[in-house]
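Dear colleague,

Please find below the sequence and structure that I am handing over to you. My account of what was found follows directly after them.

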Amino acid sequence: MPKRPAAPTGVRFTVSVQDANAHLFAVTLVIEQPAKNQRVSLPVWIPGSYLVREFSQHLQDLQAWQDGRPVEMKQLDKHQWQADAAAGHPLELQYAVYAFDASVRTAFLDSTRGFFNATSLCLRVTGQEDQPQSLEIVASPATQGWNVVTGLPAHSVDAAGFGHYRAADYDELADCPVEMGQFWNGQFTAGGVEHRFVISGAGAWLDGERLIDDTRRICEAQIAFWHGDGAPPFSNYVFMLHASADGYGGLEHRNSTALICQRADLPRLRPSTSDKPAALKATDGYTTLLGLISHEYFHTWNVKRLRPAEFKRYDYAAENYTELLWFFEGFTSYYDDLMLRRAGLIDDATYLQLVAKTINQVQQTPGRHVQSVAQASFDAWVKYYRMHENTPNATVSYYTTHPARRGPHHTGRGDARSLDTLQGRPHARSRSAARAQAPGQTQL
Ligand SMILES: [Zn+2]
């Protein structure tokens, strides 16, 4: 990792709990060197989830000051504002964000935990998107006993994780969600890299040791897939899992992932430690959870580093169209369960049951005769993410319908002409180069 500058950055965010019971985060943004009539904007979508969600709907009470005087903030459109500010004098903005979405895509806050993506909380400073951005997370009586975890590089934080973090630019800030609360905490090493795994919402019955060990095997299988004996292209990784009554989902990031699972799908401690856990079945919820972990971790390469040219530079203000989600989601879906098999976590019969389930889903979707996977990718913004009663008749899922499903399903390491060659070889060929590349420098 490059050495981080010691001096405060010119774009500084401070996030604190304004009112946990009202689900409000308080955000302060200081721009040390604003432009005349400085503009700021909030993203309308979060990379990895292809729907315009209008995060600005939850931003409220925006105020600004410069040289000790209030500054007028003129709203330009649904997500942009302009400050009536002079150039070169520090400009301070304050606002609140309502956070009560328990998904991995936006932000959540109550008296038990907080979670946020910067795309929901942090305004983009026009013209300074490529500058370092600092984020201070402030402890308060409302966060008593809480810890903080994020993939962001820490600059100066206390033992609980409160304090200052540094992002190289807005993209990194937006790609590192933050989890706060009292969570179960485990860690392991894979490929020489420290991995942290935190779980909110679990009970004392959690078999964390088993989850850590199984996740480590998944990570090692995937690092070997992409790099052989080499190291992965990140220096630390964080799994943030929230266990709830009925949730499910995940969102990939460059060195972390936010996950939601059903509490019932977590592994439980057995009465006697001498009992070996039963072999996993395709129908087990825990198999689903491991598949989700495998899926999001695979994205660390496939879409975060190897990505469509259209995603080289995200446009946070509008839909970012690509015809290639069938590759980035479809192949990731193909490999998620396959990696469970390769890691030795499921047997051949269980793996083939999972494949059969997917094939049945595709066969039972009439829309596969109507829409191509390229069209499904391009239209994700208005079709896949906006399902309705006609969806199965008119669309296909780019997760399950792709060329990989038509080929032979091999459960061992592939031969020279297998799908592994296509998927893994670009990194394997330039292993050292891949390690040094920042996200966005590798496009397909
Ligand atoms: Zn995915």
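At what angle do the axes of helix 4 and helix 6 cross, and within what distance do they come? The axes of helix 4 and helix 6 (residues 330–342) cross at roughly 125° and come within 8 Å. Helices here are DSSP runs of H or I of at least four residues, strands are runs of E of at least two, and both are numbered from the N terminus. Axes are lines fitted to C-alpha atoms, for helices over the stretch in contact, with angles from 0 to 180 degrees between N-to-C directions.

Please note that this is a predicted model, in which local features need pLDDT of at least 70 and side-chain atom pairs count only at pLDDT 80 or more, while totals for chains, interfaces and linings use all residues. Residues are numbered from 1 along each chain as its sequence is written.

Helix 4 and helix 6 are therefore oblique to each other (angles under 35 degrees count as roughly parallel, over 145 as roughly antiparallel, 65 to 115 as roughly perpendicular and the rest as oblique). On the helix 4 side, the residues making the contact include Leu290, Gly291 and Ser294, and on the helix 6 side they include Thr332, Tyr335 and Met339. Two residues are in contact if their C-beta atoms, placed from the backbone, lie within 7 Å.

Helix 4 also meets helix 3 (residues 208–227): their axes come within 10 Å and cross at roughly 35°. This crossing of helix 3 and helix 4 is right-handed. Among the residues in contact are Ile218 and Cys219 of helix 3 and Leu290, Ile293 and Phe298 of helix 4.

As to the chain overall, its secondary structure comprises 11 helices and 21 strands. Of its 444 residues, 44% are buried (20 or more other C-beta atoms within 10 Å of the residue's own; exposed means 12 or fewer, and partly exposed in between, with C-beta atoms placed from the backbone). Among contacts with a separation of 6 or more, 69% join residues 24 or more positions apart.

The largest nonpolar core has 107 residues, and Phe25, Ala107, Leu121, Ile218 and Leu259 have the most contacts inside it. Helix 4 (residues 285–298) gives the most to this core, with 7 residues. Domain 1 (11–181) and domain 2 (184–437) both give residues to the core, so it lies between them; these bounds come from an automatic or database domain assignment. A nonpolar core is a set of buried Ala, Val, Leu, Ile, Met, Phe, Trp, Tyr and Cys residues joined through C-beta atoms within 7 Å. Leaving out residues up to four places away in sequence, Leu259 touches residues including Val104, Phe239, Leu292 and Glu296.

Glu252, in strand 20 (residues 249–252), is buried, with 25 other C-beta atoms within 10 Å. Glu252 lies 204 residues from Gly48 in sequence, yet their C-alpha atoms are 6.7 Å apart.

Asn37, between strand 2 (24–31) and strand 3 (39–41), has a positive phi near 55° and is partly exposed. Asp67, between strand 4 (59–66) and strand 5 (69–71), has a positive phi of about 50° and is exposed, with 10 other C-beta atoms within 10 Å.

Yours sincerely

Definitions and conventions: A crossing is left-handed if the near helix is turned anticlockwise from the far one by less than a right angle, and right-handed if clockwise.
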